[in-house]
Amino acid sequence: MAARGIDINDLSHVINYAIPQEVESYVHRIGRTGRAGKEGTAITFITPQEYRRLLQIQKAVKKEIKKEKLPDVKDVIQAKKFRIIDDIGQILIDNDYDKFKKLAKDLLKMEDAENIVASLLKLSYSDVLDENNYNEISPVKMEDTGKARLFIAMGRKDGMTPKKLVEFIVKKAKVKQSYIKNAEVYEGFSFVSVPFKEAEIIVEAFAENRKGKKPLIEKAKSKK
C-alpha cells in the first residue's frame with residue numbers, strides 16, 4: 001500500500017477502495033501515478049451515497065472524473081482467458097519449461113494434445129473461469145440516488161411562483177427542468193429539490209458575480 005513518505009517508482013494505477021474524506025488525501029494518492037512527468041490511472045469505487053462527495057472532490061480539483069461501467073461476468077472471464085494466453089505465451093518465449101517436458105510426453109501418450117491441454121486448463125482454472133462463481137453487479141444511476149434541498153432567498157414578495165421559480169433556475173443554471181422537483185414558495189424564500197449533481201451546478205451558477213454578498217441559492221440547512 002502506498003502511504004505517505006513511501007515512494008514507489010513506475011506506479012501505473014492507484015485504486016481507491018474507499019473514497020478519501022479530504023481532497024488533499026485524494027490528490028496525494030492519485031498523484032503517485034504521475035511522478036516525473038509519467039502518466040497513470042486512478043480508479044475510485046464509490047457507493048451511491050458517496051456520489052455527492054465525489055462531485056465535491058471533482059469540483060475542488062477542477063478535473064472531470066469520468067464515470068465508467070463495471071464489466072459484467074462475461075467480460076471478466078474473457079479478460080482472464082486473455083491473461084492465461086499471455087502468461088503461457090510468455091513462458092514459451094522465455095523457454096522456461098524444460099523440467100515439465102517429460103511429464104508432458106507421458107501425458108501425450110495417453111490422449112490427444114487438445115484434450116490434454118483442456119484437462120490441464122480445467123485443473124488449474126476451473127474456478128476462475130466458472131460463471132457461477134461470480135455475481136452480477138446491477139448498474140446504478142448515480143444521478144437518481146440522492147436529492148439535495150436548495151434554499152432560495154426569493155419568494156412571493158419577489159413575484160415568484162413555483163413555475164416562475166423553476167424557469168428562473170433553468171435559465172441561469174442551464175439544467176433540465178425535469179430535474180427540479182417539489183418547488184415551495186413562501187413569502188420571503190423558497191425551496192426546491194434536485195439531484196446532487198444538479199445541485200452543485202445550480203449553486204455554482206448562482207454564486208457567480210456575488211463576491212461579498214450572501215448566496216442567492218444555497219444548500220438548505222435544517223434550521224431553514
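So, going from the N terminus, the elements of the protein chain run β-α-β-α-α-α-α-β-α-β-β-α-β. That's seven helices and six strands, where helices (H or I, at least four residues) and strands (E, at least two) are DSSP runs, numbered from the N terminus.

Quick housekeeping. This is a predicted model, where local features need pLDDT of at least 70 and side-chain atom pairs count only at pLDDT 80 or more, while totals for chains, interfaces and linings use all residues. Residues are numbered from 1 along each chain as its sequence is written, and side-chain values use heavy atoms, with hydrogens and water left out.

Two totals for the chain. Buried residues make up 22% of the 224 residues; buried means under 20% relative accessible area, exposed over 50%, and partly exposed in between, with a 1.4 Å probe and protein chains only. And among contacts (heavy atoms within 4.5 Å) between residues at least 6 apart in sequence, 70% join residues at least 24 apart.

Okay, the sheet. Four strands make an open sheet in the order β4-β5-β3-β6, with antiparallel pairing. Two strands pair here if DSSP finds at least two bridges between them. Neighbouring strands are turned by 25° against each other on average, direction ignored. Axes, by the way, are lines fitted to C-alpha atoms, for helices over the stretch in contact, and angles run from 0 to 180 degrees between N-to-C directions.

Let's stay with β5, residues 190-195, which pairs with β4 in the antiparallel sense over three bridges. A hairpin joins β4 to β5 through four residues.

How many of the residues of β5 are buried? Six of its six, so this strand is mostly covered. Helix α7 (residues 196-207) packs on the sheet, touching β3 (147-152), β5 and β6, and its direction makes about 130° with that of β5.

Ser190 is buried, with a relative accessible area of 0%. What does its side chain reach? The backbone oxygen of Met154, at 2.7 Å. Leaving aside neighbours within four places in sequence, the contacts of Ser190 include Leu150, Phe151 and Ile152, plus Glu184 and Val185.

Now the aromatics. A pair of aromatic rings is described by the distance of the centres and the angle of the planes. The rings of Phe, Tyr and Trp (its six-membered ring) pair if their centres lie within 6.5 Å; planes under 30 degrees apart count as stacked, over 60 as edge-to-face, and the rest as tilted. The structure holds six such pairs. Take Phe151 and Phe191: their ring centres are 5.7 Å apart and the planes sit at 65°, so the pair is edge-to-face. This pair links distant parts of the chain, with Phe151 in strand β3 and Phe191 in strand β5, 40 residues apart. Buried or exposed? Phe151 counts as buried at 10% relative accessibility, and Phe191 counts as buried at 8%.

Tyr186 pairs with Phe191 as well, with centres 6.3 Å apart and planes at 80°, so that pair is edge-to-face. Tyr186 counts as partly exposed, at 36% relative accessibility. Put together, Phe151, Tyr186, Phe189 and Phe191 form one aromatic cluster.

Last stop, over to the helices α1 and α2. The axes of α1 (residues 23-30) and α2 (residues 51-61) come within 10 Å and cross at roughly 70°. That makes α1 and α2 roughly perpendicular to each other; angles under 35 degrees count as roughly parallel, over 145 as roughly antiparallel, 65 to 115 as roughly perpendicular, and the rest as oblique. Which residues make the contact? From α1 it's Val23, Tyr26 and Val27, and from α2 it's Arg53, Ile57, Ala60 and Val61.

Notes: A polar contact is a pair of N or O atoms within 3.5 Å; within protein, one must be able to donate a hydrogen and the other to accept it, and residues adjacent in sequence count only if both atoms are side-chain atoms.
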